[in-house]
Amino acid sequence: MANPPKILAFAGSAKETSVNKKLVQIAAAGAKAAGAEVTYIDLRNLPMPLFDEDLEAQQGIPATVREFKDLMLAHQGLLIACPEYNSSITPLLKNAIDWASRPEPNLPGLACFNNKVAALMSASPGGFGGMRGLVHVRAILESIGVLVIPEQRSISKAFETFNEDGNLKDSQQQQDVENLGAKVASLLMKLSA
């Protein structure tokens, strides 16, 4: 494909062995197989200070935030694995979204989100698989201009569901998560046609 869609994939977890990092990489593989160019990032490698308007006013946009915003701007699609903390979004993910939404000279505040297509997924050791948190992430992203596809996946009992190679033991679950990435890639191709 001459101009494949570009998709940014990440998890809202800093934990090195995060099951959500494994999950989003499965979706990323599905997007690649469908013809997309995928960039996987680990938010642990982009430590952002807690969003603070005074800090922003005094010091400007932190370098790690600038790097994250540049990545967001360079991609048309998003694959986000969303751990659930107390039935909601993780502080790490919310902070990254808040920083990326900040306006700059010649850059509207929601430029990192407008007209993006995203898929959401979650994995959790609990029985709900993180689905309660997905509701909040979806509401936030849709309110700032992201087209979040209706399909999403939540994987319960996540500490028991992954093989050592990072794939899901259940082949149907594996296919469903890969299909999330493929769906975002397919939609982006149709939108750019």
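Phenylalanine 51 has a relative accessibility of 24%, so this residue counts as partly exposed (buried means under 20% relative accessible area, exposed over 50%, partly exposed in between, with a 1.4 Å probe and protein chains only). Before we go on, note that this is a predicted model, where local features need pLDDT of at least 70 and side-chain atom pairs count only at pLDDT 80 or more, while totals for chains, interfaces and linings use all residues. Residues are numbered from 1 along each chain as its sequence is written, and side-chain values use heavy atoms, with hydrogens and water left out.

Now for the aromatic rings. Rings of Phe, Tyr and Trp (its six-membered ring) pair if their centres lie within 6.5 Å; planes under 30 degrees apart count as stacked, over 60 as edge-to-face and the rest as tilted. That rule gives 2 aromatic pairs here. One of them joins phenylalanine 10 and phenylalanine 68 edge-to-face, at 5.7 Å centre to centre and with 80° between the planes. Phenylalanine 10 sits in strand β1 (residues 6–11) and phenylalanine 68 in helix α3 (residues 63–74), so to speak 58 residues apart, and the pair links these distant parts of the chain. Helices (H or I, at least four residues) and strands (E, at least two) are DSSP runs, numbered from the N terminus.

Because phenylalanine 51 lies in the loop between β2 (37–40) and α2 (53–59), and tryptophan 99 in helix α4 (residues 91–100), the pair ties together parts that are 48 residues apart in sequence. Tryptophan 99 is buried, with a relative accessible area of 0%.

Stay with α4 for a moment. Its buried residues are Leu93, Asn95, Ala96, Ile97, Trp99 and Ala100. What covers them? The cover includes β1, α2, α3, β3 and α5 (131–143), where contact means heavy atoms within 4.5 Å.

On a 1 Å grid over the protein atoms alone, a cavity is a set of points where a 1.4 Å probe fits but cannot get out, and a pocket is an open set with protein on both sides within 12 Å along at least five of seven lines; lining residues have an atom within 4 Å of a point. The whole structure has 1 cavity of 30 Å³ or more. The largest cavity has a volume of about 40 Å³, and its lining includes Phe10 and Phe68. Helix α4 gives the most to this lining, with 3 residues. By class, the lining has 10 nonpolar, no polar and no charged residues.Ala, Val, Leu, Ile, Met, Phe, Trp, Tyr, Cys and Pro count as nonpolar, Asp, Glu, Lys and Arg as charged, and the others, Gly among them, as polar. For volumes, grid points are joined across faces, edges and corners, and the space filled by probe spheres set on the points is taken.
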